[in-house]
Amino acid sequence: MRTAHVIGVGMTPFTKPGGSHFDYPDLARAAVHEALADAGIDYAHVEQALVGYVHADSTAGQRALYEVGRTGIPVLNVNNNCASGSSALFQARQIVEGGHADCVLALGFEKMKPGSLGAMAYPDVASPVQPFLDVAGRQRPASGAPAMLELFRNAGLEHQEKFGTTAEQFGKVAEKNHRHSANNPRAQFRSVYSLDEIMGSTQVCETLTKLQCSPTSDGSAAAIVASEDFVSKHELESVAVRILGQALTTDTPATFESGSAFDVVGSDASRRAANAVYDQTGLGPADLDVIELHDCFSINEVLVYEALGLCAEGDGGRLVDEGATTYGGRWVVNPSGGLISKGHPLGATGLAQCAELVWQLRGEAGDRQVEGARTALSHNHGLGSACVVTMYRRSA
């Protein structure tokens, strides 16, 4: 099988919905142009495109890319909820490794509405997340919080009851990620907050305050994936980052039958995806230097530590207390600020993670650079469900 390499990345600043006059084609065009310039190639080199988004009409991917060029290439639209961008990357990598194209674009974007996400965007048809909400309702009485919060509230309470995890340990995750984003000029939020400020912000449900939750956001990100032959032909070895391993998992009966709120929000799917990548690469958590993971809520970052094998189940809170996931620790997790502080435009999130890790592995991350970063991992989860885990390493 051929190898696949990310040769160019681009990303717009992530902004509060409604705060900009730019529509999604403008955002997408900016991200793609930056990715092309980063790779030093023209759009004419791109043979296929995969476009991830959630809140836009059918063929919005074509509408966005026609702003870049109308070259007649295949354009496929991908909607895997919050994992849409990384699912587009997954398909691009498969196309390149399978020999069907040498240069493929993965694009993600979102133009969102302010406020919390609801579970029923189309109330007249079956909701994809209703089975998850049904399980959550059987596990604990509803609190009246927005649907997504209910699911993660249940997981947080379960973690506290089973392992003695404290509310402050969840809060420390948010403190870390807000602190990291201060060095990210593209982040939606760049303010640094103390733990007291995190814990004292508005409580949105049990175990979570406002500053522990990712916001809705507008933004776009893109990555260009190429074969080793394309890299060699265009002399791109100095910028290429290889995708060492990648897996996309969906739900099994465990999600709905294990009895654990952890699995309802993706722990089982995350663990299976991570283990598949470790098996593909022969590498594991000890080999990683920098990680971008899906911290939609601070609770989820703790759960994902455990699912990725950074620690044993139940030890995620201890990992936070030890400072193991920030600068000077064993790994730097979410140097970008993560979803909590960088922002979370659903379709763009997975590709923004890719962009951050490419910059880190190239040594181009500026004040947030992880010293000596060589091997990186991203984790992106969309409820419904899709979980994508990707491992990267600098090609040269």
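The model is a predicted one.

The overall dimensions come next. Taken along the principal axes, the box filled by the C-alpha atoms is roughly 55 × 50 × 40 Å. A compact globule of 396 residues would have a radius of gyration near 21 Å, and the 19 Å of this chain agrees with that. Of the 396 residues, 60% count as buried. The chain is built from 15 helices and twelve strands. Among contacts with a separation of 6 or more, 78% are between residues 24 or more positions apart.

Which residues touch the most other members of the largest nonpolar core? This core has 52 residues, and the ones in question are Leu151, Ile291, Phe297, Tyr305, Leu308 and Leu377. At least two core residues come from each of helix 4 (130-139), helix 5 (147-163), helix 6 (167-181), helix 10 (261-264), helix 11 (267-281), helix 12 (298-307), helix 13 (316-321) and strand 12 (386-394). Helix 5 gives the largest share, six residues.

Ile291 shows what the surroundings of one such core member look like. Leaving out residues up to four places away in sequence, Ile291 touches Leu308, Leu310, Trp331, Val332, Val333, Asn334, Pro335, Leu357 and Leu377. Of these, Leu308 and Leu377 are also named among the core residues that touch the most other members. Apart from this core lies another, of 35 residues, which include Ala223, Val241, Leu351 and Ala352.

The last stop is Ala348, in the loop that runs between helix 14 (338-342) and helix 15 (349-362). Not counting residues up to four places away in sequence, Ala348 touches Phe14, Gly108, Phe109, Gly219, Ser220 and Ala221. Ala222 is 126 residues from Ala348 in sequence, yet their C-alpha atoms are 7.8 Å apart in space.

How values were computed. Residues numbered from 1 in each chain as written. Predicted model: local features only at pLDDT ≥ 70, side-chain atom pairs only at ≥ 80, totals over all residues. Heavy atoms only, no water. Helix = DSSP H or I, 4+ residues; strand = E, 2+ residues; numbered from the N terminus. Rg over C-alpha atoms; globule rule 2.2 N^0.38 Å. Buried < 20%, exposed > 50% of the residue type's maximum accessible area, 1.4 Å probe, protein only. Contact = heavy atoms within 4.5 Å. Core = buried A, V, L, I, M, F, W, Y, C linked by side-chain atoms within 4.5 Å.
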